[in-house]
Amino acid sequence: MYGDFMNKIEFFNYLPDDAKDIRIKVFVDEQGFENELDDIDNTAIHILIYLNGAAAGTARMFTEDNGKSYHIGRVAVLPQFRKNHLGAEIVTAICEKAKALGAEKCELSAQCRVKDFYKSLGFEESGEEYLDEYCPHIHMEKTLQ
């Protein structure tokens with residue numbers, strides 16, 4: 001909780017409409033990505049953060065190695081809710097959930113323009129920059145302790 005705001009985080013085993021709407025507004029409408037929804041959404045754990053009752057941000061987490069590590073993806077906060085530390089709360093909640101599920105690390109594919117944000121949360125760069133839909137990205141990892 002920051003200031004006078006009340007935040008609430010919920011986890012879902014399906015893609016809620018609020019999460020889908022946030023992702024489309026941020027990644028498609030705002031950033032111009034075309035391929036926002038994919039098959040991973042069918043098996044991922046989806047996260048929503050609410051600020052004073054309004055759906056404000058989302059992300060997803062999934063594993064491809066039986067829970068040894070979790071991939072964090074599609075972290076998005078609506079423009080009007082940015083600057084409230086919601087992205088950090090989402091990523092921190094995912095890392096805590098992954099650790100509770102027995103994972104040793106979390107990893108993600110960060111847009112290079114926000115890699116310092118992830119570094120501030122304990123993630124380290126791993127590998128070289130690459131393009132994903134014409135946007136520079138870098139793989140990052142965090143060991144869970």
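Predicted model: local features only at pLDDT ≥ 70, side-chain atom pairs only at ≥ 80, totals over all residues.

How many aromatic pairs does the count come to? The count comes to 4 aromatic pairs.

**Aromatic rings**

- Phenylalanine 117 and tyrosine 118 form an edge-to-face pair, with 4.9 Å from centre to centre and 70° between the planes.
- Phenylalanine 117 counts as partly exposed because its relative accessibility is 30%, a value that lies between the limits of 20% and 50%.
- Tyrosine 118 has a relative accessible area of 8% and is therefore buried, the limit for this being under 20%.
- The ring centres of tyrosine 118 and phenylalanine 123 lie 6.0 Å apart with their planes at 80°, so this pair is also edge-to-face.
- Phenylalanine 123 is buried, as is tyrosine 118.
- Through ring pairs, Phe117, Tyr118 and Phe123 are linked into a cluster.

**Lysines over rings**

- Lysine 8 lies over the face of tyrosine 50, at 5.9 Å from the ring centre.
- Lysine 97 lies over the face of phenylalanine 11, at 4.9 Å from the ring centre.

**Nonpolar core**

- The largest nonpolar core comprises 42 residues, and those with the most contacts inside it are Ile72, Val91, Cys106, Tyr118 and Phe123.
- Elements that give two or more residues to this core include the helices α1 (17-30) and α2 (86-100), together with the strands β4 (69-77), β5 (105-111) and β8 (135-143).
- The element that gives the most to this core is α2, with 7 residues.
- Valine 91 is in contact with Ile72, Val75, Phe117, Tyr118, Leu121 and Phe123, its neighbours within four places in sequence being left aside.
- These contacts of valine 91 include each member of the ring cluster, namely Phe117, Tyr118 and Phe123.

**Strand β5 and its partners**

- Strand β5 is largely enclosed by the rest of the structure, because 5 of its 7 residues are buried.
- Strands β4 and β5 run parallel and are joined by 4 bridges.
- Serine 69 has lysine 105, in β5, as its bridge partner.
- From β4 the chain crosses through α2 to β5, and this β-α-β crossover is right-handed.
- Strands β5 and β8 run antiparallel and are joined by 7 bridges.
- Glutamine 111 stands opposite histidine 137, which is in β8.

Conventions:
Residues numbered from 1 in each chain as written. Heavy atoms only, no water. Phe/Tyr/Trp six-rings, centres within 6.5 Å; stacked < 30°, edge-to-face > 60°. Buried < 20%, exposed > 50% of the residue type's maximum accessible area, 1.4 Å probe, protein only. Lys NZ or Arg CZ within 6 Å of the ring centre and 35° of its normal. Core = buried A, V, L, I, M, F, W, Y, C linked by side-chain atoms within 4.5 Å. Contact = heavy atoms within 4.5 Å. Pairing = 2+ DSSP bridges. Right-handed = clockwise from strand over helix to strand, strands pointing away.
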